[in-house]
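Some notes on this model follow, as numbered points. Please read them with the structure open.

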Amino acid sequence: MKSEIYQRVTDQIIADLEKGELTWLTPWSAGGGKRLIELPERHDGTRYQGVNILMLWMAASRGGFSAPIWMTYRQAIGYGAHVRTGEQGSTIVYANTYKNFMVNEKGEEEEQHVPFLRHYTVFNVDQIEDLPTRFYATKAANLSPKARIQHADRFFSSLGADIQHGTLDAFYSPKKDQIYVPEFELFHYPEAYYATLAHEVIHWTSHNSRLNRDFRKSQGDDEGYAREELVAELGAAFLCADMSLKPQPSADHAAYIQGWLKIFRNDKRAIFSAAAHAQRAVNYLHKLASKNGKNDHSHCRLAA
């Protein structure tokens, strides 16, 4: 069953990439713009993490759901509600380890941590009737498209990253440990600036003094580069969703797609690994911002 889940998710992402679509960006326009895009969350407000974000974004895109809230059949009944007849649930996964004790060749008992993966079925609140009204409430946009977005500025400034403005391209230099981005005024709309900055900040977390992430050591230069770009793409999407920003695909995506397709076809667990690394980077940034006491918790929460 675990192998089937890996394959099912990977196959869906490959199908999207072959159409030139990015799974982690298609939900930005889901629901006809009825509400600001958000990270998917459980009925109690706890946010999903890692690959579950992608799986539920895919489900929301396919189903045209405008709400980010999901719950199980039993949880819906607990609220005195019911899933509409004929509605199909969506799969999420839970990964963890359990302890197992084995006797080694020396006859000594050793503790092992064995990984396992379980799957569950959840429904979007748009598929459920008679829930309390708070589950169906929409949010009104309150950000001016012509101004800098203050809560995003506060978040990025709280990280302490060395961000240099004035270049014509955006990139992260591991050697100098510096982020380079064009001036804010050169972007077509505010969200594009912050999405670009989010992408480079995810790269910034790879430094050996932070999360020490370097895929080139195990995968080689070309594949390692593609995997790191995938982590940065996913991490930026997660981070933008955290801050209720609405980025759009950049011109670079088309160049990356072929490299990602090759990885996914050869490794059905690649998207799970990339999503986990992306989530780890986002969590690291949130903790760093909170530590510095400047995180705007009204717009940006640590995923749980």
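1. Helices here are DSSP runs (H or I, at least four residues), numbered from the N terminus.

2. This is a predicted model: local features need pLDDT of at least 70, side-chain atom pairs count only at pLDDT 80 or more, and totals for chains, interfaces and linings use all residues. Residues are numbered from 1 along each chain as its sequence is written, and side-chain values use heavy atoms, with hydrogens and water left out.

3. Just after helix 2, glycine 64 has a positive phi of about 70°.

4. The whole structure contains ten aromatic pairs (Phe, Tyr or Trp rings, the last by its six-membered ring, with centres within 6.5 Å; planes under 30 degrees apart are stacked, over 60 edge-to-face, the rest tilted). Phenylalanine 155 and phenylalanine 156 have ring centres 5.5 Å apart and planes at 75°, so they pair edge-to-face. Phenylalanine 155 is buried at 0% relative accessible area, and phenylalanine 156 is buried at 4%.

5. Phenylalanine 156 and tyrosine 194 are stacked, because their planes are at 10° with centres 6.4 Å apart. The former lies in helix 4 (residues 150-158) and the latter in helix 5 (residues 190-204), so the pair ties together parts 38 residues apart in sequence.

6. Phe155, Phe156, Phe184, Tyr193 and Tyr194 form one aromatic cluster.

Technical notes: Helix = DSSP H or I, 4+ residues; strand = E, 2+ residues; numbered from the N terminus. Buried < 20%, exposed > 50% of the residue type's maximum accessible area, 1.4 Å probe, protein only.
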